[in-house]
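Student: Hey, can we go through this protein model together? I'd like to know what's going on inside.

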Amino acid sequence: MDHHRRMVSERGAALVELAMVVPLLMALMLGIFTGGDAFFQKISLVDATREGARYGASLKMPAGGVSAWRQAVQDRVVQLSGGQAAAADVCVDLVVPTGTNNSCGVQDPTGASTDPTALTPASVVKVSVVKTTQLEFVFFSSNATLSAKVAARYERDIL
């Protein structure tokens, strides 16, 4: 009879241990999956921002002027993000660098305020994307802000 009680007691202890470990493992797995998804989103945003700045740097100024140019670049970034960014997440600007211009949260590149070939500032394309994502861990969740910022020389200088 003692042998039977000991086996029942050991099974009960094993179930208690399992009941304590399973939620922790589930939280860990959920964190890994949501963290991986956030990392994927970050990579997508960085790639879309970089390609959008490259696109804007070579885009001829449309008949609608700078506002039409901004809209075209913003649309391109949203398209390239594969659904990871909305138009409201994207900031696009075309500026003459002063060394202190922080448009779209992007600082002027070092030396951009004087172009060595023209001895005047060359226009700079600034593109940034800021998006919030959520990390889940069963017992709690946390918001993370994903951002990507790029400055590129405008190759069709007009400003």
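Student: Which residues touch the most other members of the largest nonpolar core?
Tutor: Trp69, Val125 and Val127 do, in a core of 19 residues. A nonpolar core here is a set of buried Ala, Val, Leu, Ile, Met, Phe, Trp, Tyr and Cys residues joined through side-chain atoms within 4.5 Å. Buried means under 20% relative accessible area, exposed over 50%, and partly exposed in between (1.4 Å probe, protein chains only).

Student: Which elements give two or more residues to this core?
Tutor: Helix H1 (2–58), helix H2 (66–80), S1, S2 and strand S3 (141–153). H1 gives the largest share, four residues. Helices (H or I, at least four residues) and strands (E, at least two) are DSSP runs, numbered from the N terminus.

Student: Before I go on, what kind of model is this?
Tutor: This is a predicted model: local features need pLDDT of at least 70, side-chain atom pairs count only at pLDDT 80 or more, and totals for chains, interfaces and linings use all residues. Residues are numbered from 1 along each chain as its sequence is written, and side-chain values use heavy atoms, with hydrogens and water left out.

Student: OK, strands. In which sense do S1 and S2 pair?
Tutor: Antiparallel, over six bridges. Two strands count as paired if DSSP finds at least two bridges between them. Val92 sits opposite Val127 in S2.

Student: And how many residues of S1 are buried?
Tutor: Five of its six, so S1 is mostly covered.

Student: New topic: which cysteines does a disulfide join?
Tutor: Cys91 and Cys104, with S to S at 2.0 Å. A disulfide is a pair of cysteine sulfur atoms within 2.5 Å, and the count by this rule is one. Cys91 is in strand S1 and Cys104 in the loop between S1 and S2, 13 residues apart.

Student: Is that disulfide left-handed or right-handed?
Tutor: Left-handed, because the torsion about the S-S bond is about -70°.

Student: Are the two cysteines buried or partly exposed?
Tutor: Cys104 is buried, at a relative accessible area of 15%, while Cys91 counts as partly exposed at 29%.

Student: What about the phi of Cys104?
Tutor: Cys104 has a positive phi of about 60°, although it is not a glycine. Most residues other than glycine have a negative phi.

Student: Which side chain reaches the backbone oxygen of Cys104?
Tutor: That of Ser128, at 2.8 Å. Ser128 lies in strand S2 and is buried, with a relative accessible area of 4%.

Terms used:
Polar contact = N/O pair within 3.5 Å; in protein donor to acceptor, adjacent residues only side chain to side chain.
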